[in-house]
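Visitor: Could you take me on a close look at the charged side chains here, both the patch they form and the pairs they make? I would like one connected tour, please.

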Amino acid sequence: MKHIDNIPSTPGKLKEKSPYNRLRLYFSVAKLTFWSFVFLGLIFVCFFRSPSSSSPAGSDLSRRSLRTSSYDGPAWEKRIKSSAKVRSRNGISVLVTGAAGFVGTHVSAALKRRGDGVVGLDNFNDYYDPSLKRARQSLLEHAGVYIVEGDINDVTFLKKLFDVAQFSHVMHLAAQAGVRYAMENPSSYVHSNIAGLVNLLEVCKNANPQPAIVWASSSSVYGMNIKVPFSEMDRTDQPASLYAATKKAGEEIAHTYNHIYGLSLTGLRFFTVYGPWGRPDMAYFFFTRDILKGQSISIFEAANHGTVARDFTYIDDIVKGCLGALDTAEESTGSGGKKKGPAQLRMFNLGNTSPVPVSDLVSILERLLKVKAKRSVMKLPRNGDVPFTHANISFAQRELGYKPTTDLQTGLKKFVRWYISYYGDGKKSA
């Protein structure tokens, strides 16, 4: 916490002689060319190679990711304009993609509470129980946030949104999440995390004025890195999963759109976010479910009986980091797809800086739930999971005023209280 990297202290454009500027200079022409061919190849496979009607992966991609966008008529436009209206003196108007997701719901609510204009966008796919997303949607609608149902891969729909409302900022949180699911449905990750990001940036670059964009990368980009804590200056060229690879690809794509089109882009590398209204595919969530049901839970250990640990970060702390990034984002410098000057490009770690062994997380849940877990210890499988994560947040502290305040015991207590309230005694399926 007290360690401060030798990183520029002034928000905004990076200074030429700043050590942090090496993050941008790191990319050589050769690497940029290589990655460009990789991205184009992936997008080609995703869009121009028609899956067989009998292909499970192809049908699953359509079922999970493609939805008919719901835009039609003056009543629809009126709801968007009302939700996007700024109601505070220095407020901003934000399009939040993935607004019915875990982080998206909390960020949207926080923005609305302080008087910003907020319009949500979500396709309500069934990667996990859509009813949980609908419940989050109800919460936001009660708070005055309208969530439009649509897909970020529907360019016509995105253009229509920007025609109806003028957004000063975009908070891009829509993505295909999950490390392990990438082994089952890899195409969905290319579709959402690469093609979807490109579509959004294409629409943003042509907007006039261009919005400033804050988007969610992931701590997964550090992959097989063994240096701890993870710093934004560390290498990220050894992804351990396809999910991590698509997030790394997103960072390269963001660099390209910043360089060519003058888009202001801030990436946020989230570290194991948890809390109320969380994602059922996260360990703390399904551990809680299975402990209450009396079912066995699998606890992984690293090689040579090593500890698996995560830098668990409470949702309220993540929200503060997101708002800090939005508030310090400079304007984009392009107009109508043409760059007029250098634009801001940043990357931040948002973590808690206090990794906790997963076995300790289970012990905390046992105390809170007053139920003994049936533990099954096994080796960490080769499915993309890494043994540990640990964030160096000194750059976010300096630039965003980011300071996490919630320890795991306190955060899990709040989560368990919500879980029991939402699911009852745990017998209802999560």
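Guide: Happy to. Let us begin with what a patch is: patches are made of residues with over 30% relative accessible area and no salt bridge, with like charges joined within 9 Å and nonpolar side chains (Val, Leu, Ile, Met, Phe, Trp, Tyr) within 5 Å. Lys and Arg count as positive and Asp and Glu as negative, while His and the chain ends are not counted. Each charge is placed at NZ of Lys, CZ of Arg, CG of Asp or CD of Glu. Accessible areas come from the Shrake-Rupley method with a 1.4 Å probe, and for residues only the protein chains shown count as cover.

This is a predicted model, where local features need pLDDT of at least 70 and side-chain atom pairs count only at pLDDT 80 or more, while totals for chains, interfaces and linings use all residues. Residues are numbered from 1 along each chain as its sequence is written, and side-chain values use heavy atoms, leaving out hydrogens and water.

Now to the patch. Lys320, Lys413, Lys414 and Arg417 form a positive surface patch. Helix α14 (residues 408-423) gives the largest share, three residues; helices (H or I, at least four residues) and strands (E, at least two) are DSSP runs, numbered from the N terminus. Lys320 sits in helix α11 (residues 315-328). With a relative accessible area of 48%, Lys320 is partly exposed, a class between buried (under 20%) and exposed (over 50%), using a 1.4 Å probe and protein chains only.

Next come the pairs. The whole structure holds 12 salt bridges, each a side-chain nitrogen of Lys or Arg within 4 Å of a carboxyl oxygen of Asp or Glu. In one of them, Asp116 meets Arg114 with the closest N and O atoms 2.4 Å apart. Asp116 is buried at 3%, whereas Arg114 is partly exposed at 33%. A network of salt bridges links Arg114, Asp116 and Asp327.

Another salt bridge joins Arg134 and Glu149, with 3.2 Å between the closest N and O atoms. Arg134 lies in helix α6 (residues 130-143) and Glu149 in strand β3 (residues 146-149), so this pair ties together parts that are 15 residues apart in sequence. Arg134 is partly exposed at 32%, and Glu149 is partly exposed at 22%.

Lastly, Lys205 bridges to Glu202, the closest N and O atoms being 3.2 Å apart. Both lie in helix α8 (residues 186-206), three residues apart, about one turn of the helix. Lys205 is buried at 10%, while Glu202 is partly exposed at 27%.
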